[in-house]
Amino acid sequence: MRSTPVSLALVFLAVVCCGWFGSCELEAGPDQMESPPLTGDDSQIFPDGAPNPANSMFLMHTQYTTESNATIYFKPLSSLQADSYTIECSTDGVTFQDFLRQGQVLTVTTQDAIGIDVALTESLYFRLRIQGGPYDGNHTNTMYARHAPQGGYLQRWSRNTAMQLTGVSAPLAGHGIEVEVEIRDYVSATDFSLNSVLPDAIGSWTWYRINPLNFDEKTLIEGANASSYTTMQDDIGCLIMVEAQGDDTDFYGLDRIMTVEPVQ
């Protein structure tokens, strides 16, 4: 694992700023690859409420920088009174095994860690096994990581729920959600200067209703296939998540953006 203090600070600031401004930007670069668990406040990634393994992990995106990787966030061990998490993976979402990094089982033991990057050689489902505390032996929810076989990576993302979108304030039903992603790539494998934004790199937008108590329970929102969405009565009580999937030409990854407060 490696990272720099600058990269950790950027991610931490991005997490905190989500709550302050109603939007979030997460910068990504080569120095974040194989980074150690992040530390900071995760309250703007997960909804408030009692500890619950079923909504304790969020696989935010998969992308390619110098290799394919997935960025996984999770509630700190301290919030579940646990001693450690072991990362498990599966090719079919049914049969799981311990995820190995350089032949070693990947386990998180830092109490205030909130996330980790994992390298991918294929598309995988991930979950965390909880060790210690009242949830010992339980698992978190499961999320899918899409393998990105070549370049094109997520430079920035934002979520806007401002009142002026529809005239309705979030989180009331009828408020708008507008998301934006910037996909870039490097000049070459040895030159990490940035090329210009790839404007058509997202091939599909898919929106879901998510049970805030169990992230495994998600329902496709029929007909929602653009970068913006207006919430409705059917969304009340649910979190809203969008998956922006690459076009498999400029971008092979997957970005997930989710609200942090259920629609009311």
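Reply: In strand β16, Y229 is the bridge partner of I177. The structure is a predicted model, in which local features need pLDDT of at least 70 and side-chain atom pairs count only at pLDDT 80 or more, while totals for chains, interfaces and linings use all residues. Residues are numbered from 1 along each chain as its sequence is written, and side-chain values use heavy atoms, with hydrogens and water left out.

A strand here is a DSSP run of E with at least two residues, numbered from the N terminus, and two strands pair if DSSP finds at least two bridges between them. The sheet that contains this pair is open and has 3 strands, in the order β12-β13-β16, with antiparallel pairing. Its edges are β12 (153-160) and β16 (228-230); each has a single partner strand, so one side of each lacks a neighbour in the sheet. On average, neighbouring strands of this sheet are turned by 15° against each other, direction ignored. For such angles, axes are lines fitted to C-alpha atoms (for helices over the stretch in contact), and angles run from 0 to 180 degrees between N-to-C directions. The loop between β12 and β13 holds P171, and the peptide bond that joins A170 to P171 is cis, with omega about 10°.

Leaving aside neighbours within four places in sequence, R209 is in contact (heavy atoms within 4.5 Å) with residues including Y229, M232, D234 and L239. R209 lies in strand β14 (residues 202-211). Is R209 buried or exposed? With a relative accessible area of 14%, R209 is buried; buried means under 20%, exposed over 50%, and partly exposed in between, with a 1.4 Å probe and protein chains only. The side chain of R209 also reaches the backbone oxygen of D234 at 3.4 Å. This is a polar contact, a pair of N or O atoms within 3.5 Å; within protein, one atom must be able to donate a hydrogen and the other to accept it, and residues adjacent in sequence count only if both atoms are side-chain atoms.

Of its 7 residues (68-74), 7 are buried, so β3 is largely enclosed by the rest of the structure. Both faces are covered, with S68, A70, I72 and F74 on one side and N69, T71 and Y73 on the other. Strand β2 (residues 57-64) runs antiparallel to β3 and is joined to it by 7 bridges, and the two form a hairpin with 3 residues between them. Within this pair, N69 stands opposite Q63. Strand β9 (residues 113-119) also runs antiparallel to β3, joined by 5 bridges, and I116 of β9 stands opposite I72.

Two loop residues complete the account. Q81, in the loop between β3 and β4 (84-90), has a positive phi near 55° without being a glycine, and at 59% relative accessible area Q81 is exposed. D248 is found in the loop between β17 (239-246) and β18 (254-258). The phi of D248 is positive too, at about 65°, although D248 is not a glycine; its relative accessibility of 36% makes D248 partly exposed.

Conventions: Helices (H or I, at least four residues) and strands (E, at least two) are DSSP runs, numbered from the N terminus.
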